[in-house]
Amino acid sequence: MAWLGLGKKRIYMNISRALNTSSFRRVAGSSSGSIYTAQSVNASARCMPDLISHTSVGVASFFSGTKEGDIRCFHASPEVWARRGDEAFGLKAPKKEKYVRKEGRNQPPVEARYVPRNVKAPKSNPDKTVEVFEGMTLVELAKRTGKSVSSLQDILTNVGEKVESEFEPLSMDTAELAAMEVGVNVKRLHSAEGTEIVPRPPVVTVMGHVDHGKTSLLDALRQTSVAAREAGGITQHLGAFVVVMPSGASITFLDTPGHAAFSAMRARGAAVTDIVVLVVAADDGVMPQTLEAMSHAKAANVPIVVAINKCDKPGANPEKVKLQLASEGLMLEEMGGDIQVIEVSALQKTGLDNLEEALLLQAEMMDLKARIDGPAQAYVVEARLDKGRGPLITTIVKAGTLTCGQYVVVGSEWGRIRAIKDMVGRLTQRATPAMPVEIEGLRGLPMAGDDVIVVHSEERARMLSSGRTRKSEEDRLRRKLNEGIPSTLESSEEVPQRVEMPIIVKADVQGTVQAVTDALRTLNSSQVLVNVVHVGVGPISQSDVDLAQACGACIVGFNIKSPPTALSQAATRASIKLILHRVIYHLLEDIGNLIVEKAPGTFETQVAGQAEVLNIFEVKGSKSKGPDVKIAGCRVVEGFVVRTGTMRLLRSGEVVFEGNCASLKREKQDVDTVKKGNECGLVISDWYDFQIGDVIQCLEQVVRKPKFIKSESGAVRIEC
């Protein structure tokens, strides 16, 4: 403590001397009497003024725990100085708690429910649609897709497109590639700015209920007979052709099927058309497919012209048809609306001039025009596979000019146009707007309803095709994954037994394949699942038979040629069922009967017969014969009674007991069945309290199969 009175220089010298010593000697008079050693510390001279600058209180506190000249432990660390100073001021460090051994350390761990990690999936918008156009910048594309400009630049670099600036205009193909890599749907917007706009013929779609005379009306307009060549006398394809009217004007007609199974075809026809001709039979009136055609036209925002056909028939009532159409929301001209109504007869060829005038008037009011310069925009009406020419697509040009030699992308397929034919079969080098043509040269068969896009190079066509294929496959897997997720609410309920019926579908054209597939899937029920494992266009091949044998499927061929004899025999040896039809009615009926046959059915309890108790007999038992037995003498008043059935005893209309039949005799002979009007003796197990007038019902388990129901409109369903 005497150091506190010395000057700073003396204190500095003493501390330096203490630091330079390598060890401390034992201090006499120390209470502990222990020897402390420490390593020599080479402290910097710069830290000495800081240490000395402590207040006299702090220094006194530091040395208060020692006797005079007793230096226990000295370090040059500022942290140690601070800690010792805190203890001097009463800020003591927390004491170390005593270690206590926890009980149950050797016990097995407690079983807990596994909680999976909440892993955030990358954001994707499979349902989002982005509009792209020619000349859009990378900044505009980033705003529409919701991605950053740098990420889009990386995507374009990966696909081989070099973009110098984010404000550089992009081609429509490049923008679509980047948008597809992001994971969004793409809609192309074409501009007619700077191109020549010329009038074009109208595209008219004929729609209506089945067998109302749509194809016959078109035959009367173009002086042909297509309906006579159709299987069953009904249209089962989507046909496109040009009709030159007597006035010299040309109109492109689309003929749609009217059967309930071809709803998708009618929707495609309404999507590409300018005017819808709604054909209604004067003797039949408004039917289900008539209402559906009206809804398709309204959804596509297409004007309607009503043609009331079969006005020459004795039971025709056009006024009734008009009232029905008005009640369904169509504003007819006679009732103050703007929808024209024409009464025609396809058989007598009356009223056709009025129908032509109405169509041309409607087209003139719409002022239909299209550009003829630049790449073409076209819409696939139908697609089929020809044995010698390969994939063929029927398309209608919406804008631009389609020429031979161009590279096109149709849906997920691509190719180079090898030939263009008009609907008469003549070769042509170019197709102008509103012109239906058939093109060949694609690498694969596209889907009906796809758009035809013209690109400038084969490389770009390949890139777009591969990108669309990848995107469609991802969407298909996502839909399948969503459909396969079971509902937690339905898991607690009893799931009925359900069998799978695999089917392979082959048809003549792509649109028919889709229609037949959709119609077969409507036959799904709670007992049978119709699983379409494969679809294709063209005749049945050996690969189809091999696939059917591998998965146990039946092969459905619609409107195709019969397979060769060797192929049919191979299918017979492999127990593969071949179902070939040319009419949709017969096909659905056969498949429906096959589903009913394969369905496991549901077990139900029903009353097989009913007997009335007329008398009661008691047979005394013995040690050898057993206990006493009471026999009910009955007469079967309804149905029959079997010994293997369950007996239900009714008394005054209430159920008293249910049990098995222990014995059934007639005229002292054991029998299995007693029919109506006969008398018998009946013993029920564990029941002895019979009374005269009781009613005994015989219950039996039966298997109830589902029913195949066909409505008047042609729609079919399976009712379980």
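At what angle do the axes of helix H5 (residues 138-145) and helix H6 (residues 149-158) cross? They cross at roughly 110° and come within 9 Å of each other, where axes are lines fitted to C-alpha atoms, for helices over the stretch in contact, and angles run from 0 to 180 degrees between N-to-C directions.

This is a predicted model, in which local features need pLDDT of at least 70 and side-chain atom pairs count only at pLDDT 80 or more, while totals for chains, interfaces and linings use all residues. Residues are numbered from 1 along each chain as its sequence is written, and side-chain values use heavy atoms, with hydrogens and water left out. Helices (H or I, at least four residues) and strands (E, at least two) are DSSP runs, numbered from the N terminus.

On the H5 side the meeting residues are Leu138, Val139, Leu141, Ala142 and Thr145, and on the H6 side they are Val149, Leu152, Gln153 and Leu156. By class, the contact of H5 with H6 divides into 7 nonpolar, 2 polar and no charged residues; here Ala, Val, Leu, Ile, Met, Phe, Trp, Tyr, Cys and Pro count as nonpolar, Asp, Glu, Lys and Arg as charged, and the others, Gly among them, as polar.

H6 also packs against helix H7 (residues 172-182) at an angle of about 110°, with the two axes 10 Å apart, and H6 and H7 are therefore roughly perpendicular to each other. Leu152, Ile155 and Leu156 of H6 make this contact with Thr174, Ala178, Glu181 and Val182 of H7, where contact means heavy atoms within 4.5 Å. The residues of the contact of H6 with H7 comprise 5 nonpolar, 1 polar and 1 charged.

Helix H8 (residues 214-222) is largely enclosed by the rest of the structure, because 7 of its 9 residues are buried. Buried means under 20% relative accessible area, exposed over 50%, and partly exposed in between (1.4 Å probe, protein chains only). The buried residues of H8 are Lys214, Thr215, Leu217, Leu218, Asp219, Ala220 and Leu221, and the helix is followed by Gln223, whose phi is positive, near 60°.

## Strands

An open sheet of 4 strands has the order E21-E20-E22-E23, with parallel pairing. Its edge strands, E21 (528-537) and E23 (578-581), each pair on one side only, and neighbouring strands of this sheet are turned by 20° against each other on average, direction ignored. Strand E20 (residues 499-507) pairs with E21 in the parallel sense over 9 bridges, and Val505 has Val535 in E21 as its bridge partner; two strands pair if DSSP finds at least two bridges between them.

Elsewhere, strand E7 (residues 275-281) runs parallel to strand E8 and is joined to it by 6 bridges, with Asn309 in E8 as the bridge partner of Ala281. Strand E8 (residues 304-309) is mostly covered, as 6 of its 6 residues are buried. In a regular strand the side chains alternate between the two faces of the sheet. Ile304, Val306 and Ile308 are buried on one side of E8, and Val305, Ala307 and Asn309 are buried on the other.

## Single residues

The table sets out the accessibility of several residues.

| Residue | Relative accessible area | Class |
|---|---|---|
| Gln377 | 18% | buried |
| Val703 | 43% | partly exposed |
| Glu319 | 46% | partly exposed |
| Cys551 | 33% | partly exposed |
| Cys698 | 0% | buried |

Gln377 has its place in strand E11 (residues 377-386). Leaving aside neighbours within four places in sequence, Gln377 is in contact with His190, Arg371, Ile396, Val397, Lys398, Ala399 and Val452.

Val703 lies in strand E31 (residues 695-704), and on the same terms Val703 is in contact with Pro600, Gly601, Thr602 and Phe603, neighbours within four places in sequence being left aside. Val703 and Glu604 are 99 residues apart in sequence, with a C-alpha to C-alpha separation of 6.3 Å in space. Glu319, found in helix H11 (residues 318-327), is 37 residues from Ala282 in sequence and 8.6 Å from it in space, C-alpha to C-alpha.

## Cysteines

With a disulfide taken as a pair of cysteine sulfur atoms within 2.5 Å, the count comes to 0 disulfides. Cys551 is in no disulfide, and the nearest cysteine sulfur, that of Cys554, is 9.4 Å away. For Cys698, the closest cysteine sulfur is in Cys661, at 7.8 Å, which is too far for a bond.

Terms used. Angles under 35 degrees count as roughly parallel, over 145 as roughly antiparallel, 65 to 115 as roughly perpendicular and the rest as oblique.
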